Amino acid sequence: MVPGDTTRITPQSVIEAANIKYPRIRLELVRISKPEAYVRIKDATYLTQSMGSAGAESYLAEVTYSLTAVRGITSVSFEFPAGDHASPGTYTREDFAGLR
């Protein structure tokens with residue numbers, strides 16, 4: 001793959017990469033209904049209670065940016081139990097515009 005070429009990125013490859021990088025957060029692809037990807041985290045304890053607010057926001061941003069690199073996907077709907085540091089919902093790249 002040529003750097004910057006996103007034509008071979010698939011939603012499943014993004015999920016697999018996230019699960020390798022963050023083994024304590026098991027992300028599942030529920031479905032794609034363009035322009036939205038639907039994902040689930042059954043046990044979100046580590047994300048919502050252990051990573052802190054900045055860590056949780058970074059995770060959600062990373063997954064959102066990665067999935068929206070797939071052609072036709074512009075938002076990601078996360079399903080997981082809410083916690084102190086993260087809440088489920090639908091996110092777009094614009095939601096993380098201020099993240100540095």
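Guide: Leaving aside neighbours within four places in sequence, leucine 60 is in contact (heavy atoms within 4.5 Å) with Leu47, Phe78, Phe80, Ala86, Tyr91 and Phe96. This is a predicted model, in which local features need pLDDT of at least 70 and side-chain atom pairs count only at pLDDT 80 or more, while totals for chains, interfaces and linings use all residues. Residues are numbered from 1 along each chain as its sequence is written, and side-chain values use heavy atoms, with hydrogens and water left out.

Visitor: Which residues touch the most other members of the largest nonpolar core?

Guide: Leu27, Leu47, Tyr59, Leu60 and Phe78 do, out of 26 residues in that core, which is a set of buried Ala, Val, Leu, Ile, Met, Phe, Trp, Tyr and Cys residues joined through side-chain atoms within 4.5 Å. Two or more residues each come from α1, β2, α3 and β3, and the largest share, six residues, is from α3.

Visitor: And which residues of α3 are buried?

Guide: Ala56, Tyr59, Leu60, Ala61, Val63, Thr64 and Leu67 are buried in α3, where buried means under 20% relative accessible area with a 1.4 Å probe, protein chains only. These buried residues pack against α1, β1 (27-33), β2 (36-41), α2 (45-50), β3 (75-79) and β4 (89-91); helices (H or I, at least four residues) and strands (E, at least two) are DSSP runs, numbered from the N terminus.

Visitor: Switching topic, is proline 11 buried or exposed?

Guide: Proline 11, which lies in helix α1 (residues 11-21), is buried, with a relative accessible area of 18%. Beyond its neighbours within four places in sequence, proline 11 is in contact with Leu29, Ile32, Leu67, Val70 and Ile73.

Methods. Buried < 20%, exposed > 50% of the residue type's maximum accessible area, 1.4 Å probe, protein only.
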